[in-house]
Amino acid sequence: MSDAALWVAVVGAGLVCLGIKLVGHLVPEHWLAQPRVARTAALVTVALLSALVAVQAATSGRDLVVDARLPALAVAAVALALRAPFVLVVVLAAGTAALLRALGMP
Amino acid sequence: MAGDDDEAVRAAVRQAVSVSVATGLYGVSFGALSVAAGLSIPQTAALSLLMFSGGSQFALVGVVGAGGAAGAAIATAGLLGVRNGLYGPQVAPLLGVHGWRRLLAAHLTIDESTAVGTAQRSNAAARAGFWWTGAGVFVLWNAFTLLGALLGDALGDPRTYGLDAAAAAAFLALVWPRVAGRGARLARTVAAAAVVVALAATPFVPAGVPVLLAALVAVLVGMLVPPSDEPTATTPAGPTRDRASGATEGRAR
């Protein structure tokens, strides 16, 4: 993406997110209180984050790839299961991938 | 009575400070990942100031890093921001503000400020919890984002340091509280389906679109599967309230 397109994405997405927050403060409470609306929003969040995990860990452009990111993600999962804090999880994953690449893994 | 109120407010402020420090710290990882994905330092700082929602920010740089177009990046960040819109009706009655203060309250309405604010028993403590958490996270998140961007910029090739793997781990850490535990069977099913859809679509559609297709799966499941399939929604009395408190526990770090 060009620098100008990046600015469009940054400012556009920023205003969209702020607008959504403001709508939440302005609409009558019962509009958003329907169980299906709340549940669908929660599931959309889960689906987006899960898809981002997959895309970040196992794709490169339009190719599916297996490289040092997958074992790093496994280490992150173990750390999360052991209730490690966010920063430690991220650092452990980066360290694992960096170590494996230093040893010659793609 | 007044003494109890003061103590409740002080407890809320203490909680706000600890949540702010914990959340602010991971702004470092966002800043580093953002410049690794190709955003400049000013663009990274602008994102934290203007968007101010961790999940949406990670999502935007994730789509940009994968080579996605501006439209896909905006759509993904916006969809992840929808939950912030649902927090508004929970916190607005607690705050009772109007005019520019309402705009400020909306901007500071995020996972953490909503969780701390709605967890308090008295109204004074709820206000203190919301404002102190919102302001504390805002200041520290932006400061640490800038630090992370400067560090990331100085590091060079992000792959050498495993920063691409760190991005995947960051998303995993964000989704983990929402899929772990007993009440989350439907969420785990949706997560698995989202992974399959995103990977299956990757060879065939432009970057950024696989993630949006995965969101479509969640919309279909959310609208079509009867709420009774979900354990948290089985009690007819106040299912929304139950889910809200469950989500608050899930978000607590």
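Contact is taken here as heavy atoms within 4.5 Å. The structure is a predicted model, in which local features need pLDDT of at least 70 and side-chain atom pairs count only at pLDDT 80 or more, while totals for chains, interfaces and linings use all residues. Residues are numbered from 1 along each chain as its sequence is written, chains are lettered from A and ligands numbered from 1 in the order in which they are written, and side-chain values use heavy atoms, with hydrogens and water left out.

By the contact criterion, 70 residues from chain A and 96 residues from chain B take part in the interface. The size of an interface is often given as the accessible area lost when the parts come together. Buried area is the accessible area (1.4 Å probe) that two parts lose on being put together, summed over both. For chain A and chain B this area is about 7200 Å², with carbon and sulfur atoms giving 77% of it. Polar contacts are pairs of N or O atoms within 3.5 Å; within protein, one atom must be able to donate a hydrogen and the other to accept it, and residues adjacent in sequence count only if both atoms are side-chain atoms. Between chain A and chain B, 12 residue pairs are in polar contact, both residues being at pLDDT 80 or more. Helices (H or I, at least four residues) and strands (E, at least two) are DSSP runs, numbered from the N terminus. On the side of chain A that touches chain B, at least two residues come from each of α1 (3-26), α2 (35-58), α3 (69-81) and α4 (86-102) of chain A. The most is given by α2(A), with 23 residues. This side of chain A consists of 51 nonpolar, 10 polar and 9 charged residues, where Ala, Val, Leu, Ile, Met, Phe, Trp, Tyr, Cys and Pro count as nonpolar, Asp, Glu, Lys and Arg as charged, and the others, Gly among them, as polar.

An unreviewed UniProt entry places the feature "transmembrane region" at residues 6-28, 40-58 and 70-100 of chain A. UniProt positions are given in the numbering used here, feature names are shortened, and annotations may be inferred rather than shown by experiment. Residues 6-28 of chain A are 91% helix and 0% strand, and the end C-alpha atoms of this span lie 35 Å apart. For residues 40-58 of chain A, the corresponding values are 100% helix, 0% strand and 27 Å.

Chain B has 13 helices and 0 strands. Residues are classed as buried under 20% relative accessible area, exposed over 50%, and partly exposed in between (1.4 Å probe, protein chains only). Of the 253 residues of chain B, 50% count as buried. Among contacts in chain B between residues at least 6 apart in sequence, 70% join residues at least 24 apart. Helix α5 (residues 70-80) of chain B has 8 of its 11 residues buried, so it is largely enclosed by the rest of the structure. The buried residues of α5(B) include B:Ala70, B:Ile74, B:Thr76 and B:Leu80. Their packing partners are α1 and α2 of chain A, together with α4 (54-65), α6 (82-95) and α12 (209-224) of chain B.

A salt bridge is a side-chain nitrogen of Lys or Arg within 4 Å of a carboxyl oxygen of Asp or Glu. Over all chains, 6 salt bridges are found, and 1 salt bridge crosses the interface of chain A and chain B. In that of A:Arg101 with B:Asp164, the closest N and O atoms are 2.8 Å apart. A:Arg101 lies in helix α4 of chain A and B:Asp164 in helix α10 (residues 163-179) of chain B, so the pair joins two chains. Both A:Arg101 and B:Asp164 are buried, A:Arg101 at 13% relative accessibility. A network of salt bridges links A:Arg101, B:Arg159 and B:Asp164. Within chain B, B:Arg83 forms a salt bridge with B:Asp111, the closest N and O atoms being 3.0 Å apart. B:Arg83 lies in helix α6 and B:Asp111 in helix α8 (residues 111-118) of chain B, so the pair ties together parts that are 28 residues apart in sequence. B:Arg83 and B:Asp111 are both buried.

Most residues other than glycine have a negative phi. Phi of A:Arg83 is near 65°, a positive value; A:Arg83 is found in the loop between α3 and α4 of chain A and is exposed, with a relative accessible area of 76%. Phi of B:Phe52 is near 45°, also a positive value. B:Phe52 lies in the loop between α3 (41-50) and α4 of chain B and counts as buried, at 2% relative accessibility.
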